Amino acid sequence: MIVAHRKPLEEITDMIEGLQPLLVLGCGGCTSICLAGGQKEVEELYRDLQDHFGQVGREIRLGQLTIERQCNAQFFGELDRRVGDYRAVLSMACGAGVQFVAERYPNIPALPALNTDFVGVDRDTGWFEENCRTCGDCVLGDTGGICPVTRCAKSLFNGPCGGTRADGTCEVDPSIPCAWFEIHRRLKDQQRLELMRKVRHSREWKNQIRRSLIQEPFRARYQK
Amino acid sequence: MAQTPKNTIDRQKLNDLLDYYAAKMKRQLRHCMHCTLCAESCFLFKMHRGDPRYMPSYKVINSLGRLYRRRKRLELKDLEEIKEIVWRNCVLCTRCWCPVGVNIPEMIALARAVCRSQGVYPRLNENFQQESWL
């Protein structure tokens with residue numbers, strides 16, 4: 001799941017300067033689940049903006065709407081109907097959603113109300129933890145389900161750096177466990193320690209340029 | 001930080017939305033042949049061992065259909081019951097398929113939009129636990 005958090009209000013108010021009327025647009029997908037950009041958060045941001053502008057004695061014209069996904073065009077019906085009434089859209093989706101909105105309405109500025117942080121998991125209500133960097137070359141099968149890209153400070157692929165502390169923590173940041181210490185422990189518990197000896201060769205860092213993916217069963221559909 | 005829902009319907013806002021989409025709702029609801037072929041395409045239906053409440057057609061008829069039939073008499077109680085169907089019983093995976101072309105995900109999303117227009121959507125309860133909203 002994509003995890004994001006709201007930008008500071010000051011940054012948002014600077015960004016929306018001169019762009020009214022403004023539509024605060026929520027997303028019913030990932031940012032709803034991570035409690036950053038769902039309908040409740042839209043209502044809160046709407047109130048915060050009204051309060052802010054009220055305190056400085058200025059008018060602000062706002063609208064609010066939440067659609068189920070900002071990353072899938074089939075959910076844009078209601079937004080298509082209403083977006084023409086606004087000068088700009090303040091999107092509470094992840095970066096992918098903001099760009100999708102921007103692409104669909106190129107003459108209407110689409111502004112991000114959130115900072116998109118990571119792909120992660122729910123630890124508890126309101127608490128999320130990064131687990132994946134979407135590198136496009138997953139090695140979790142060899143590392144006992146522990147990602148060395150995300151959880152090793154140096155993103156090492158072939159064992160620890162030699163700086164692991166005696167208590168199994170990382171030399172870069174002693175508050176985090178050494179990923180390879182954890183990987184060793186996990187593989188040992190699974191009786192698959194031989195995987196530690198498997199050499200991963202230098203990789204192609206696929207997430208440095210924009211990627212596109214068509215799943216195998218659908219390739220024929222898009223061939224010309 | 002428990003969330004407090006509204007307790008009154010904004011009748012003007014609700015009617016504006018339902019009136020705008022009434023023709024589309026009527027058309028899509030009429031097209032449904034009750035053939036149940038959509039059920040085979042829903043993993044929730046299969047996961048719940050064929051519970052008919054998870055059939056896509058059931059979900060549309062009992063959410064959007066209810067909104068359409070009762071559109072001049074809707075109360076928050078109706079929306080709260082519809083919320084259970086369109087959020088708990090459907091994850092909007094968009095995998096459902098209809099042989100006559102009913103756009104099931106669009107209908108579910110429309111039902112959700114009507115609920116949202118009245119402030120009815122999944123919220124945290126008093127123990128800060130999320131409702132099953134997926």
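This is a predicted model: local features need pLDDT of at least 70, side-chain atom pairs count only at pLDDT 80 or more; totals for chains, interfaces and linings use all residues.
Residues are numbered from 1 along each chain as its sequence is written, and chains are lettered from A in the order in which they are written.

**Exercise 1.** Find the order of the strands in the open sheet of chain A.

Solution. Strands are DSSP runs of E, at least two residues, and helices are runs of H or I, at least four, numbered from the N terminus. Two strands pair if DSSP finds at least two bridges between them. The order is β3-β2-β4-β5, with parallel pairing. β3 (62-67) and β5 (110-112) are the edge strands. The twist averages 25° from one strand to the next; axes are lines fitted to C-alpha atoms, for helices over the stretch in contact, and angles run from 0 to 180 degrees between N-to-C directions. Helix α5 (residues 95-104) of chain A touches β2, β4 and β5 and makes about 170° with β5(A).

**Exercise 2.** Trace the pairing partners of β6(A), residues 114-124.

Solution. Start with β1(A), residues 2-6: five bridges join it to β6(A), antiparallel. Here A:Ile2 stands opposite A:Val119. Next, five bridges join β6(A) to β7(A), residues 127-132, also antiparallel. A:Asp124 has A:Trp127 as its bridge partner. Two residues lie between these strands, and A:Gly126 takes a positive phi near 80°.

Terms used:
Two residues are in contact if their C-beta atoms, placed from the backbone, lie within 7 Å.
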